[in-house]
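Good morning, and thank you for coming.

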Amino acid sequence: MSNEFDIDDILQEFDQRSKFAPKKSQKSARSTSSSQTIYNELTTAMLNERMAPELLPYKHELLRNVLDQISNQQQYLLDSHEYGDMNAQTGIVSGDFKLQLMIIETDIERINYLVRLYLRARLSKISKFTIHYIKTTVDESTESLSESKSLLSPEETEYMTKHFKILTDLYNNSFLKKMPDHLRLLDNESSGENMVVAPDVNEPVFIKCITKDLITVPLGDGDELELEENGIYVVKYRLIQKYVSIGDVVLI
Amino acid sequence: MRRERVPLWVAVILKSQNKCSIVPPKWMSLAYLTEKHEEEIRKPGMFSDLPWNWLEVSKMLLSKASDDLSDPSHQLRSIIQDLREIRLVKSRKGLRELNESNIQLNGLSLMEINELRPFVLTVMNKLRKLHDTKSGRNAEAEEMDVEDEDD
Amino acid sequence: MYGDLANKLILDAKRTANLSEIPLYQADLVKDIVKEVQDLKNDADYLMEQQELNGEDDDAEQSKINQCQLFVTMLSMTRNKRCLLAYENLRANKIDEFCWLNLDPITDSTLDNLSHAEQEYYKNYQDLLMDYKSKYADIDLSGTLEPPTNIFIDVRVLRNGGEVQTEYGSFNLIKDSQFYVRKSDVERLIQQGYLEEL
C-alpha cells in the first residue's frame with residue numbers, strides 16, 4: 001500500500017501523550033488506563049457538580065492531574081510544531097504526523113471543555129450562594145482542614161471572598177448606607193427575615209446507582225426505596241447525598 | 001487489516017481522513033434492532049435492553065460512517081425511529097406514576113432520560129410544593145386537634 | 001401606599017431578568033424607596049415614643065393598635081430593603097454575565113445604563129475574573145459551554161487567494177480545492193467568503 005498508515009503511532013501517542021517525544025518502538029506499552037481513568041473521573045465529577053444543587057467538595061487531586069496533563073500536551077504540541085517546521089522542507093513530516101497532532105489537539109479541546117464546565121458550574125453556585133458559603137467555610141477554616149479536603153479550592157476561596165467584598169460595596173454604596181441603623185447590615189437575621197439564599201437539598205435529581213451493593217434509602221413514613229446496580233431514579237438530592245460523595249451513586 | 005479499540009471520537013477523525021473503517025457495534029444492525037422492536041411490542045410493561053448511548057452512537061455512525069454499516073442507512077434510520085417512538089410512548093405512560101418523592105426510570109438510555117428531564121423536574125417540583133403546603137397544613141390541623149381527615 | 005414603589009422596582013427587575021442587556025438604572029425609584037424607608041423609620045420612632053409615654057396608663061385596646069402599627073411599619077421597612085437588595089442583586093448578576101461574555105470592551109450604551117456604584121462594581125468584577133482566569137492558563141474558562149465538535153473541518157475554496165499559513169502548514173487558496181483544517185484557523189476566511197465549510 002502506498003498510503004501506508006501507521007496507526008500504531010497514533011495509538012501509542014494517544015496512550016503516552018503526556019510524555020514528550022514518544023519513541024516508535026514502544027508499541028507494547030499500551031495502557032490507556034491512566035489517561036482514560038482521569039477522563040472518566042473528570043466526566044463524573046463534572047456531571048455530579050452540574051447536577052447537584054449544592055457545591056460538592058473540590059476534586060483537588062484530580063484537577064491537579066488533569067491540569068498537569070493538559071499543560072504537558074500543550075508543551076508536546078508546541079515542540080512538535082517546531083519539529084514540523086524545522087523539517088518541513090525535507091519531506092520527513094508526513095500527513096500522518098499532522099494527523100497525530102490534530103488528534104492531540106482535539107483531545108486537549110475535549111478535556112479543556114470538561115474542566116471548563118466543571119469550574120464554571122462551581123463558580124455559578126459559589127456566586128449564587130455566596131453568603132451561605134462564606135458562612136459555612138468560615139467554620140471550615142477554623143477547624144483547619146487540610147487543604148486537600150476543603151470544600152473550595154484556594155482560587156475559589158479567593159474568588160468568593162473578593163466577590164463578596166465588591167458586592168457588599170455595591171449594596172452599601174447603592175442604598176444600604178442610607179438606611180436606618182438597624183437595616184444597614186447586608187444580612188440581618190434579627191430583622192426576622194432570612195435573606196440568605198442556600199442550596200435546596202430537597203431538589204429532585206436524576207441518579208444512576210453504580211455499586212453492586214443494594215442501597216436502601218428511607219423515604220420517611222416508613223417507606224423506603226431500594227437502589228439496584230445500574231438502576232436509574234429520580235430522588236431528592238438529600239437522600240442520596242452521602243452515596244454521591246462515596247461514589248456509589250452518580251448524578252446524570 | 002488490523003482491529004484496534006479506540007475512543008469513538010478518535011475513530012471518527014481517522015475515518016474522516018480515510019485512515020480507517022469503523023467496525024460497528026453488534027447492536028447496530030437491522031436484525032438486532034428489529035428484534036428489540038418486537039420485544040418492545042411483546043413486553044409492554046418494560047423497556048428492552050439497549051446501550052446507554054445507543055441514540056448518540058447510532059446517530060454518529062450513520063452520519064460519519066454509514067458506508068461501514070452492515071445494513072442500508074435508511075432502513076437503520078427507520079427502525080431506530082420506530083424503536084424510539086414505541087419507547088417514548090411507554091415512558092410517557094410511566095410518567096402517570098409521577099409523584100413528589102421519587103420515580104424509577106430503569107431501562108431508559110441517557111438521551112431518552114434527557115428528553116424527559118424538563119417535564120419530570122417541573123412536575124416533581126410543583127408536586128413537592130403542593131405536598132409541602134399540604135403537610136404543613138396537616139401538621140397545623142393536628143396541633144389544633146380538629147376533625148379527622150380520613151377521606 | 002407604602003411598598004408601592006418597591007413593587008415597581010421589582011417589576012422592573014422582573015423585566016430585566018428576561019432581557020439580554022441591562023436596562024437603565026432606576027435611580028429615582030431607588031432614591032424614593034430609600035426616602036420612604038427613612039419616613040417609615042420616623043413613624044416607627046414616633047410610635048415607640050408614644051408607647052413609652054403612655055406606658056401603663058393607656059388602655060389595652062389602644063396599646064394593641066399601636067403595637068400593630070409599629071409592627072407593620074417595621075415590616076414595610078424590611079420589605080423595602082429586601083426589594084432593593086433583590087433589584088441590585090439581579091443587576092449585579094447581569095453585570096457578571098456580561099463580564100463572562102468577553103465582549104471587549106463592553107459597549108458604551110450598557111455602561112451608560114449603570115449607576116456609578118455599578119460601574120465601579122463592573123470594573124472590580126472584571127479584575128477579579130482576570131485574576132481567577134490567570135490561575136488556569138491552559139483552560140479557556142470563558143469559552144463556549146457547548147460541547148466541542150468539529151475542531152477540524154473540511155473546507156472548499158470559493159475564491160482564489162494567496163497562501164495561508166497555519167500551525168499545520170500552509171495551503172493555497174485555489175478555487176474548488178479542498179482542505180482539512182483547524183476551524184479556528186479559518187473562521188475569518190469563512191466569514192470573508194474565501195472558504196465554505198463542507
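Of the 151 residues in chain B, 17% are buried, a residue being buried if 20 or more other C-beta atoms, placed from the backbone, lie within 10 Å of its own. Please keep in mind that this is a predicted model, in which local features need pLDDT of at least 70 and side-chain atom pairs count only at pLDDT 80 or more, while totals for chains, interfaces and linings use all residues. Residues are numbered from 1 along each chain as its sequence is written, and chains are lettered from A, with ligands numbered from 1, in the order in which they are written.

Chain B has 5 helices and 1 strand; helices (H or I, at least four residues) and strands (E, at least two) are DSSP runs, numbered from the N terminus. Along the sequence their order is α-α-α-α-β-α. Among contacts in chain B with a separation of 6 or more, 71% join residues 24 or more positions apart; two residues are in contact if their C-beta atoms, placed from the backbone, lie within 7 Å.

How confident is the predictor in chain A? Its average pLDDT, the predictor's confidence in each residue from 0 to 100, is 81, and 77% of the residues score at least 70. Over residues 16-33 of chain A, however, the pLDDT is below 50. Where pLDDT is low, the predicted coordinates should not be read in detail.

Chain A touches chain B through 19 residues, which meet 23 residues of chain B. On the chain A side, α1 (7-16), α4, β1 (204-209) and β4 (232-236) each supply at least two residues. That side divides into 16 nonpolar, 3 polar and no charged residues; Ala, Val, Leu, Ile, Met, Phe, Trp, Tyr, Cys and Pro count as nonpolar, Asp, Glu, Lys and Arg as charged, and the others, Gly among them, as polar.

Towards chain C, 39 residues of chain A contact 36 residues of chain C. The largest share of this side of chain A, 14 residues, comes from α4(A). By class, the side has 18 nonpolar, 11 polar and 10 charged residues.

Finally, within chain C, helix α1 (residues 4-17) packs against helix α3 (residues 60-100) at about 20 degrees, with their axes 9 Å apart. That makes α1(C) roughly parallel to α3(C), a label for angles under 35 degrees. Their contact comprises 9 nonpolar, 2 polar and 3 charged residues.

Technical notes:
Axes are lines fitted to C-alpha atoms, for helices over the stretch in contact, and angles run from 0 to 180 degrees between N-to-C directions. Angles under 35 degrees count as roughly parallel, over 145 as roughly antiparallel, 65 to 115 as roughly perpendicular and the rest as oblique. A residue is buried if 20 or more other C-beta atoms lie within 10 Å of its own, exposed if 12 or fewer, and partly exposed in between; C-beta atoms are placed from the backbone.
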